[in-house]
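Biologist: Please show me the model, and I will ask how its labels were assigned.

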Amino acid sequence: MYQFSGKLKMLAIALMILGALGTAYNFMSAPKTLEEAKEILAKQDAHHGGGHDVADSHGEEKAHAEEAKTEAHAEVEKHSEEAKTEEHAADSTATHAEEVKEELHADVDTDSAHVKDTHKEEATAHVVETKDAHADAAHAEEHEAHAEHAFHQMQNRPWAAFFVALLFFLGVTLLVLAFYAIQRVAQAGWSVVLFRVMEAITANMHYVSVIMLLFLIATAMHMNHLFPWMGEGVVDPTSPNYDAIIDGKKWYLNTPGWLMRSIFYLLVWNAYRFFIRRDSIKQDNGDLKLHKRNYNISVIFLFLFMITESMMSWDWIMGIDPHWFSTLFGWYVLATFLVSALTTIAFVTIYLRSKGALPFVNDSHIHDLAKYMFGFSVFWTYLWFAQFMLIWYADMPEETTYYLLRFNEYKLPFLAMVGMNFIFPVLLLINSDFKSIPWFVVIGGVVILLGHYVDLFVMIMPGTVGAQWGFGIGEVSGILFFLGLFIYATFSAFAKADPIAKGNPFLQESETYHYYNIEHRGEDSNHH
Amino acid sequence: MSTNKVIHALYNDDDILMDAVKKVKADHYHIEEIFCPFPVHGLDKAMGLAPTRLAITAFMYGITGLSVAIWLTWYTMIADWPQDIGGKPNFSWATNMPAFVPIMFELTVFFAAHLMVITFYMRSKIWPFKKAENPDPRTTDDHFLMEIPVDGNEDELKALLESTGAVEINVVEKH
């Protein structure tokens with residue numbers, strides 16, 4: 001039996017306390033009033049302007065262009081396609097002609113010099129316009145609206161930071177559970193020695209589900225503004241907040257329905273986890289009837305999982321941008337969590353093996369996990385690109401805003417993610433020998449996990465905090481809290497059961513599992 | 001070697017063959033060749049053959065294919081005749097890059113796969129009208145054949161092979 005070491009327990013608790021304190025601090029430091037938000041905005045503008053002046057040669061135009069930009073921002077966040085063009089025109093300089101965003105301009109010409117001219121003209125025109133508008137009272141009003149919008153985003157930030165971390169760990173735990181169910185249904189011969197590791201990781205499910213439930217209730221009670229369709233008056237034609245598009249979707253996007261669906265997902269996942277864990281431990285007596293029952297409930301779970309996972313991604317992630325939709329979004333979210341889940345399994349396995357708790361896990365098992373990490377990294381990229389490229393290619397305004405916002409405001413995480421989730425792991429793990437070397441897998445895995453956190457970050461943040469995003473105490477604290485919870489749940493669950501699922505009929509096959517290509521390092525080489 | 005004599009030892013089971021190979025190697029005989037009707041897992045390791053480098057060549061061919069695709073799309077779409085086709089941005093290769101990814105992917109796979117296969121044919125010396133080098137037609141059906149060059153110790157070697165469970169041992173003059 002494995003002993004949950006005091007040191008690790010201390011670490012887990014310390015992480016949770018640190019995370020909770022940081023999250024609490026983040027909630028307290030969010031602006032409470034519009035005035036506070038305005039002050040922050042003023043500071044940001046000063047900082048922003050200063051930075052730009054150095055880089056920009058159009059000194060004279062700059063001041064006005066900056067204003068126009070600020071104005072454009074307010075509109076951008078209302079997902080207005082037009083605003084994007086405007087903003088672009090406003091700060092377009094000669095160098096900008098080279099940028100991808102330029103595709104938006106309907107008047108694109110192959111002669112790039114001409115393009116530059118056109119843009120300059122547009123920019124100047126706009127600047128003049130802005131100058132005129134400046135005198136208007138209307139502009140002041142718009143400014144006020146912008147400040148209020150930014151204020152909501154700043155208030156959203158601690159919630160969003162917590163939500164990203166919560167959803168990440170919930171998703172990873174869920175996909176470990178799904179992978180485990182797949183192994184049972186596929187009657188996989190190699191992975192039986194890893195069953196208790198996967199079961200232990202899914203012990204996290206109950207904890208994160210409770211937190212998710214509290215979060216869902218808080219959201220439904222309007223304690224945050226993460227989901228715009230929940231806002232006051234959006235489906236009321238007499239309200240100034242009326243949104244006809246959301247009104248058309250209210251048969252699906254309504255708070256009671258959303259809450260009931262969400263609770264149903266959590267119930268299904270937790271119920272499967274509860275039954276499979278109980279029966280898996282019972283099966284240690286070698287009862288084959290139990291094995292068949294576990295098979296059957298896993299089949300049922302996988303069916304329900306595919307439905308609940310897709311709908312979960314619509315309800316909890318796509319609902320943040322209710323004007324936008326994508327048909328492959330559910331699979332895309334699935335791929336993100338699946339890679340992370342496999343990496344997590346590999347990490348916990350490598351750690352426990354290094355502590356001597358998994359005597360039957362050999363390099364071939366690690367190799368297989370790494371192969372899955374490699375394969376599903378490519379799968380994630382495929383779906384990411386399929387979603388991006390179809391939208392980029394057709395360039396329909398109501399779809400493109402989604403990526404435009406990400407490309408303009410989140411360029412670094414948006415692009416870094418592709419390197420972290422695709423190029424790095426693929427180049428590192430393409431070598432068969434590297435896949436069986438634990439520290440290589442750990443290096444690849446750390447980048448994969450960070451990359452998929454960033455992926456979720458870029459899914460959630462633009463719709464909730466928009467341009468007011470950052471990666472600070474709140475975001476880090478969220479991760480730390482759930483990491484501590486994860487460590488606590490996983491290792492205390494692993495210590496509670498036999499580390500080998502000894503009643504499984506495929507156990508012998510798994511113990512002697514060997515991938516023929518691997519040269520053994522200090523392992524018994526007699527099994528072929 | 002003064003003579004061109006080889007011994008052909010025939011086996012009818014792959015497990016027996018594996019044990020025989022280990023025994024022959026343990027006695028420091030050089031195995032010239034083994035003919036099997038199907039792949040025997042672990043045989044290459046037992047014979048002490050060096051691992052294949054075919055995967056490395058495939059990786060390099062893939063990079064070649066990717067480079068060709070990048071060059072092709074850049075030259076035809078950006079450098080040579082940058083037309084406005086449906087408003088796609090042709091200012092630089094990077095601005096229109098997503099549209100080129102499908103062809104980049106396909107050419108990478110195409111180069112990697114085909115050139116690797118051709119490399120395999122060349123390294124294995126296989127081509128359409130090649131004369132088959134089969135010492136015994138039974139090795140394509142249900143027998144395994146181990147070929148060991150004779151080097152003055154014929155009887156000793158024969159006795160060793162006999163003890164490994166060979167069903168037939170022939171001494172053959174090779175041309």
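Modeller: Start with Ile56(B), which lies in helix H3 of chain B; helices are DSSP runs of H or I with at least four residues, numbered from the N terminus. This is a predicted model, where local features need pLDDT of at least 70, side-chain atom pairs count only at pLDDT 80 or more, and totals for chains, interfaces and linings use all residues. Residues are numbered from 1 along each chain as written, chains are lettered from A and ligands numbered from 1 in written order, and side-chain values use heavy atoms, without hydrogens and water.

Biologist: What makes H11(A) roughly perpendicular to H12(A)?

Modeller: The axes of H11 (288-317) and H12 (329-354) of chain A come within 8 Å and cross at roughly 100°. Axes are lines fitted to C-alpha atoms, for helices over the stretch in contact, with angles from 0 to 180 degrees between N-to-C directions. Roughly perpendicular covers 65 to 115 degrees (under 35 is roughly parallel, over 145 roughly antiparallel, the rest oblique), so H11(A) is roughly perpendicular to H12(A).

Biologist: Which residues make the contact?

Modeller: Among them are Phe305(A) and Ile317(A) of H11(A), and Phe329(A) and Phe337(A) of H12(A); contact means heavy atoms within 4.5 Å.

Biologist: How do you know which residues of chain B are listed as "transmembrane region"?

Modeller: An unreviewed UniProt entry lists residues 54-77 and 97-121 of chain B; such annotations may be inferred rather than shown by experiment. In the model, residues 54-77 of chain B are 100% helix, with end C-alpha atoms 34 Å apart. Residues 97-121 of chain B are 100% helix, with end C-alpha atoms 35 Å apart.

Conventions
Helices (H or I, at least four residues) and strands (E, at least two) are DSSP runs, numbered from the N terminus.
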